[in-house]
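Subject: Structure handover

Hello,

I am passing on a structure for you to look through. My notes come after it.

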Amino acid sequence: MPNQITLPKGIQTILDEVYRKAAVTSVLNSSPSQIRPTQNVHEFCYPQMEVGGLGDYDRASGYTSNSGVNLVWKTVEADYDRGTKIMVDSMDNQESFDLAFGQAANILMREHVAPEGDAFTFAKIAALDGITNNTDTIDGGEQFLEAILTATTEMDEDEVPEEQRYLFTTSTLLKSVKALDTTKSREALDGFAGIVKVPRGRFNTAIDLLSGRDGDEIAGGWKPSELSKPINFLIVHKPALIKFDRHIAGPTVIPADQNPDADADIVKYRKYGVVDGYQNKRAGIYLSHK
């Protein structure tokens, strides 16, 4: 009887949960209700709204119409489309009581999918025009604290709501400001909806995605671009960002008897999505890099 290994019905939920725990940018994921699919598979659209202000009330003619409500659906193409296939020898999988696939999938999510997704998200945010994009030399907790206060003050002055502001920074800088242990430092950190520690390797202003097909890129993955700068910290008001990930895993394993190349079972994994920012909410993104 041929090998009939199948993934559990909840494999997509399992992969998504592993991804959410391993990815530091999952807190920025947009609600699916904000995104609408189009007739084209690789396109999404999301609403951008502007509302006119008050005008003079006239006792004879009544209310002014002003510019009213301007609702525009912006169409964007998926800017991230990556995938791979996991192939596990049928005997290895049998000898591990069908655990090999689960282990391979977990390693893929933790060590490749999540880090690359984070690095891509930060690079895309850094490339948005109209955001605050500062070059700073930050050495120690006091300088980091002052940089945070400068950033939050600017966002306050630009009327960015305090709710749903997230601070992303490295473990080194976060520990340096916590070590100050002052009322000023505690109050500065308490003002965020969440503080997220980012592994240094994922925190760059630009990356190159490797094709995984030939030459120097055969291993796949990603690397910082030559002109990339290490990021010190990033503050994001979540409603300023559109971040929509869609994960697609093969509904069934391709069994070994249908694999023409090897006695191995195959499961395919693919992820595509989009990272973009609302044009009229760019004040809600503050970036500091070296």
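Below are the conventions, then the overall picture, then two places in the chain.

This is a predicted model, in which local features need pLDDT of at least 70 and side-chain atom pairs count only at pLDDT 80 or more, while totals for chains, interfaces and linings use all residues. Residues are numbered from 1 along each chain as its sequence is written, and side-chain values use heavy atoms, with hydrogens and water left out.

The protein chain has six helices and 13 strands (DSSP runs numbered from the N terminus: H or I of at least four residues for helices, E of at least two for strands). Of its 290 residues, 44% are buried (under 20% relative accessible area with a 1.4 Å probe, protein chains only; exposed is over 50%, partly exposed in between).

Strand β2 covers residues 43-51 and includes Glu43. Glu43 is buried but has no salt bridge, and Lys74, the nearest side chain of opposite charge, is 13 Å away. A salt bridge here needs a side-chain nitrogen of Lys or Arg within 4 Å of a carboxyl oxygen of Asp or Glu; Lys and Arg count as positive, Asp and Glu as negative, and His and the chain ends are not counted. Leaving aside residues up to four places away in sequence, Glu43 touches Pro37, Thr38, Thr75, Val76 and Glu77 (heavy atoms within 4.5 Å).

Val51 is also in β2. Val51 counts as exposed because its relative accessibility is 58%.

Regards
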